[in-house]
Amino acid sequence: MIGERVAVVVGGGILGNTIAYWLSHLRGTKVFVMEKERDTSIHTTSRNTGMVHRPFYMNPQKKKVLATSASISYYLWKEFASSHNLPWNEVGTLEVAKTEEQVKTIEKYEKWALINGVQENQISILNREQIREIERNVSAPGGILSKTDTSTDYGILSNKIAEINKINGVRYLFNSRVMDIRSEKRTLQYFIDDSTTKRQMTCDLLINAAGNRSLDLAHRDGTALDKSVMYFRGEYWKVDENLKGFVSRNIYSVADNPEFPFLDPHLIVRPNGTLEIGPNAVPVSGPEFYREGMGKNKEFFPILKRPLSPKINLLLNPQFIKLAMGEWKSSLSQREMIGRVNSFIPNMDFRKAKVRGFSGIRGSLVDKHGFVPETIVQNKENCLHVLNYNSPGATGSPYFSYLLYNSILKNGLLEDNKGQDHISHEIWKDVDSYNTKSELLLF
Ligand SMILES: Cc1cc2nc3c(=O)[nH]c(=O)nc-3n(C[C@H](O)[C@H](O)[C@H](O)COP(=O)(O)OP(=O)(O)OC[C@H]3O[C@@H](n4cnc5c(N)ncnc54)[C@H](O)[C@@H]3O)c2cc1C
């Protein structure tokens, strides 16, 4: 078609799929998703805790975009899962204080929850006795109950979006690894490696949603050169099926060191009701260094990529090193891992978790100030780089990608060519009815 525009999304994870979904609404724009694997959603999207997090624990100032996205996306996912009969187990989360001091954090969470759009009747603050009443195996001086946290399977949700995208005309190119981006005369060229040939393509807009590898691509485009990435592997242990009812909701504890990406492991309920313990956060040297074996991309210590100074700063920080050692210990021994959970679930017997679950890897951005707290969208000419898209990124992806889509239109990077016919399988027709007061622009 004459005058047709081309938008390319790099990465067929949950973020790339939801971005492509919104872009498919644009009449006169052809949307491609390029994915280096043979299928969508096989990396972080399918290797996580699977929780639809309500954003009660997120600082509304520091994490405004992700908190807003998570808050609204809960309703979008719920509607989607219900209309397509996908996993949705609204188990709830009890997050406990381990010390009297942490009870203040719990009280702060209640305020944050309301600012972030969680409804008053969806949370409650509990004291020690009230915790005992609802969870007899949990012992803690206080906690917050988030009633609508939901256990799901993001791999399944994301693959369903990809299926709908295909119906809407989005083209998926698999085994297509974008190696390079070159910006010339407002068109982009990039090389695709399908293991046999290198090809080039031009497009009007490229969106880098390559997950743990998005910083690599941004660097290739000369963007975010002051930033570096550290990788942390989250591992899970499966709890013996006989302990299925040991707790009836997820049990989290307040993070001891929120400035570092070391969450304390939790006891989580999977959609089928089985329990798992995890994740820890073990420093590893690459984005696909899973415990079960490497991804197909053999590479030599990606952690050595430049710039090195933000990483060296961290390695010189004694507190970081101490915490990292603790995470390594919990990777080697399940007794160590469960010992951490025993501080608030004292009767949990470590011998009941014998089998390892899968592992997933989080790439956290670092710069000279330390860990970067929020997701960043960098706009370089007709190229958008989504960086540091971490938890609760799977929860927030429908609304985050809608904000990105709106920002693209407002900045004139693409437009809706209204004169043409357009067929689209709608999922979230009423997205604007969930609108918050502020209009968030991502770049
Ligand atoms: C241990 C762990 C637990 C988590 N738990 C939760 C949770 O309970 N709830 C929640 O909301 N969030 C959770 N998260 C975060 C959430 O999983 C991520 O934010 C989300 O999955 C990121 O999706 P993505 O599409 O950006 O990344 P990915 O799923 O990794 O997708 C990126 C895709 O890009 C492809 N790609 C990379 N480079 C290229 C290239 N050059 N060319 C072509 N393709 C490329 C990859 O193959 C991959 O398919 C967790 C994360 C971890 C690590």
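This is a predicted model: local features need pLDDT of at least 70, side-chain atom pairs count only at pLDDT 80 or more; totals for chains, interfaces and linings use all residues.
Author: A residue is buried if 20 or more other C-beta atoms lie within 10 Å of its own.

Reader: Which residues of helix H9 are buried?

Author: Met337, Ile338 and Val341 are. Helix H9 spans residues 334-342.

Reader: Why do the buried residues of H9 line one face of the helix?

Author: Look down the axis of H9. The buried residues fall within an arc of 90°, so they line one face.

Reader: What covers the buried residues of H9?

Author: The cover includes three strands, E13 (228-238), E15 (266-269) and E16 (275-278). Helix H8 (318-332) is also part of it.

Reader: What makes strand E6 mostly covered?

Author: Its burial count. Strand E6 covers residues 142-146, and five of its five residues are buried. On one side these are Gly142, Ile144 and Ser146. On the other they are Gly143 and Leu145. Both faces of E6 are therefore covered.

Reader: How do you know that E4 pairs with E6?

Author: Pairing needs at least two bridges. Five bridges join E4 (residues 93-97) to E6, so the two strands pair. They run antiparallel. One of the bridges links Leu94 to Leu145 in E6.

Reader: How many bridges join E5 to E6?

Author: Five, again with antiparallel strands. Strand E5 holds residues 123-127. The bridge partner of Leu126 in E6 is Gly143.

Reader: What separates the C-alpha atoms of Asn127 and Asn411?

Author: A distance of 49 Å. Along the chain, the two residues are 284 residues apart.

Reader: Which residues have the most contacts inside the largest nonpolar core?

Author: Val9, Val10, Ile19, Val138, Leu206, Ile251 and Ile277. That core has 119 residues. In soluble globular proteins, nonpolar side chains tend to be buried together.

Reader: What does Val9 touch, beyond residues up to four places away in sequence?

Author: Val9 touches Gly16, Ile19, Ala20, Val31, Val33, Ile207 and Ala209.

Reader: Now the ligand. Which residues come nearest to it?

Author: Of the 40 residues around the ligand, Gly11, Gly13, Gly211, Gly234 and Gly393 come nearest.

Reader: Which elements each supply at least two residues of that shell?

Author: Helices H1 (14-23) and H10 (393-410) do, as do strands E9 (177-184) and E20 (355-367).

Reader: How do the shell residues divide?

Author: Into 15 nonpolar, 19 polar and six charged.

How values were computed: Residues are numbered from 1 along each chain as its sequence is written. A residue is near a molecule or strand if its C-beta atom, placed from the backbone, lies within 6 Å of it. Helices (H or I, at least four residues) and strands (E, at least two) are DSSP runs, numbered from the N terminus. Ala, Val, Leu, Ile, Met, Phe, Trp, Tyr, Cys and Pro count as nonpolar, Asp, Glu, Lys and Arg as charged, and the others, Gly among them, as polar. A nonpolar core is a set of buried Ala, Val, Leu, Ile, Met, Phe, Trp, Tyr and Cys residues joined through C-beta atoms within 7 Å. A residue is buried if 20 or more other C-beta atoms lie within 10 Å of its own, exposed if 12 or fewer, and partly exposed in between; C-beta atoms are placed from the backbone. Two residues are in contact if their C-beta atoms, placed from the backbone, lie within 7 Å. The arc is that of the directions from the helix axis to the C-beta atoms.
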